[in-house]
Amino acid sequence: MEAGDCAFPREPSEPSQRGSVSSSGLRGETPTQFHEPAQDVLIYLVGDSAVHLCVEGVACMTVQELGRSVREALHIPDSAQDAFAFWLCSPLLELQLKPKHQPYKLCRQWQDLLYRFTEASEDNISQDEPCLQYRRNVFFPRTKELQIEDEGVLRLLYEEAKENVLEGRYPCDPEHWLRLGALSCALDLEHGIDIHKAASAIREKKLSSFLPGHVIGSSGGLFSALRGKGGRQAELEQSLLEEYQAVCKSATSNSQSIPTYFLRQYLSTCHTLPYYGCAFFSGEIDKPPQGILQRGGRKTVSVGISLEGVYVIDVKEKHVLLGLRYCELSWDHSYPEGEGDSHILWLEFDGEEAGTPVNKLLKIYSKQAELMNGLIEFCVELRAMGDAAATGTDGELSPSQQPAGLTGTASRMRGGQRGKLRRQSSVVCSRVHSLSTISYVDDGKEIKRLKPKRAASFFSRQPPPPPPAYSAVQVTESLEQG
């Protein structure tokens, strides 16, 4: 499949400092069919910098055509052209576009996409306006990213990774966010400067430029609260300075240029996070019943999907609730059956109840479940094609060679033995005990409660026809003509 047709929403509460897709083109009047003057188009990069282009035929220009101009302006080598993709982004929704998409036409149907894939109010939808952004392609493998040598490309990838770390979209353990913060200091400040000058520069830029906001704002417990916010800030600043000295010292013995070394170190550290490079979706899951009345409710989550697996992240606590590689899961998507019902993405994985092996089901309620389902399906197909190319089997895989999530066909059906999940205290590891799941044994005997009715059973599903092309978002004629 071509690069992306998926929606990757940010949290609605996140501020956006970006304007429209174009200062005068993509949100302007449709040009005449006989002659269209050159128009200004702003292509935003992560961090609110932008590429200013003056192009003709903007209403009919495709992403592929626009990409050549942007790569030329940014001096991106041909070897790294697949590392990036065009996105339409707003505080309510993020969409990675296919090369054949026409951004102008998608902008004209933006409100319809918001109604379809978000829970935003009519007022918010009417005021929302997307910007066109150039950033990492969700289908670009990490292994290829490690082969990039161009410093400009590495810096673009770094800026996006840094933003995701600071915003908490990539949850990190203390050793990770501290090292990443120190590497950012080394890139932003002069290399190897006096420790007192470094401390002054950090205070001037503020800790929030280097460390995640939730880390700086957290009290860290009773004793930290007693010390006060100033004590917490001073403690973080001292730790950051010490780590900064360590990373600067390590750079003196490498053969690369200093900036390139720090950029590679930053990205390499991010690669240890399983959800690096994920597309993110918003959703909700059931909370476990609590108290005498056994009240539950729902918890807001972010669902990250990549070529490697699926990750359900607690938006508030900034840690992983469930992380599944494709060899550890089966999945399904069910449509609403009545008014007030939700789209649901079902994740099935292996677990235990009182020492008994069981299958567990997690329900994720989201209007974007259809998009999540399509993206998982396509990632599995990509892995199948990659494995086939690596083994020279022309697409015919033996059961032992099949990629995660496949059992005989490119389907969602469960089969074979899936891997066990790691359960530790790290923010990147699963917290299955905190999830409200449905448990049952392989023969269908429920040990907790009945499985709810859904679109189709994981066990009774018939083999599907050949996988369709991934096209979650379609440009309809009626909308284009509007």
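## Exercises: a cavity and a helix

The lining of the largest cavity splits into 10 nonpolar, 4 polar and 7 charged residues. Keep in mind that this is a predicted model.

**Exercise 1.** Work out how many cavities there are and how much space lies in the largest cavity.

*Solution.*
- Start with the idea: rolling a probe the size of a water molecule over the atoms shows where empty space is left.
- Next, count cavities of 30 Å³ or more, and you get 5.
- Then take the largest cavity: about 190 Å³ of space lies in it.

**Exercise 2.** Find which residues lie nearest the centre of the largest cavity, and which element gives the most to its lining.

*Solution.*
- First, look at the lining, which has 21 residues.
- Now head for the centre: Arg135, Glu160, Asn164, Arg169 and Tyr170 lie nearest to it.
- Then check the elements: strand 5 (131-136), helix 6 (151-166) and strand 6 (279-286) each supply at least two lining residues.
- Finally, pick out the top contributor: helix 6 gives the most, with 5 residues.

**Exercise 3.** Sort residues of helix 8 into buried and exposed, and explain why the buried residues line one face of the helix.

*Solution.*
- Go along residues 195-205 and pick out the buried ones: Ala198, Ala199, Ala201 and Ile202.
- Look down the axis of helix 8: these buried residues fall within an arc of 165 degrees, so they line one face.
- Turn to the other side of helix 8, where His196, Lys197, Arg203 and Glu204 are exposed.
- To finish, step past the end of helix 8: lysine 206 follows, and its phi is positive, near 80 degrees.

Key:
Residues numbered from 1 in each chain as written. Predicted model: local features only at pLDDT ≥ 70, side-chain atom pairs only at ≥ 80, totals over all residues. Heavy atoms only, no water. 1 Å grid on protein atoms, 1.4 Å probe; cavity = no way out; pocket = protein on both sides within 12 Å on 5 of 7 lines; lining within 4 Å. Points joined across faces, edges and corners; volume = space filled by probe spheres on them. Helix = DSSP H or I, 4+ residues; strand = E, 2+ residues; numbered from the N terminus. Nonpolar A, V, L, I, M, F, W, Y, C, P; charged D, E, K, R; others polar. Buried < 20%, exposed > 50% of the residue type's maximum accessible area, 1.4 Å probe, protein only. Arc of directions from axis to C-beta.
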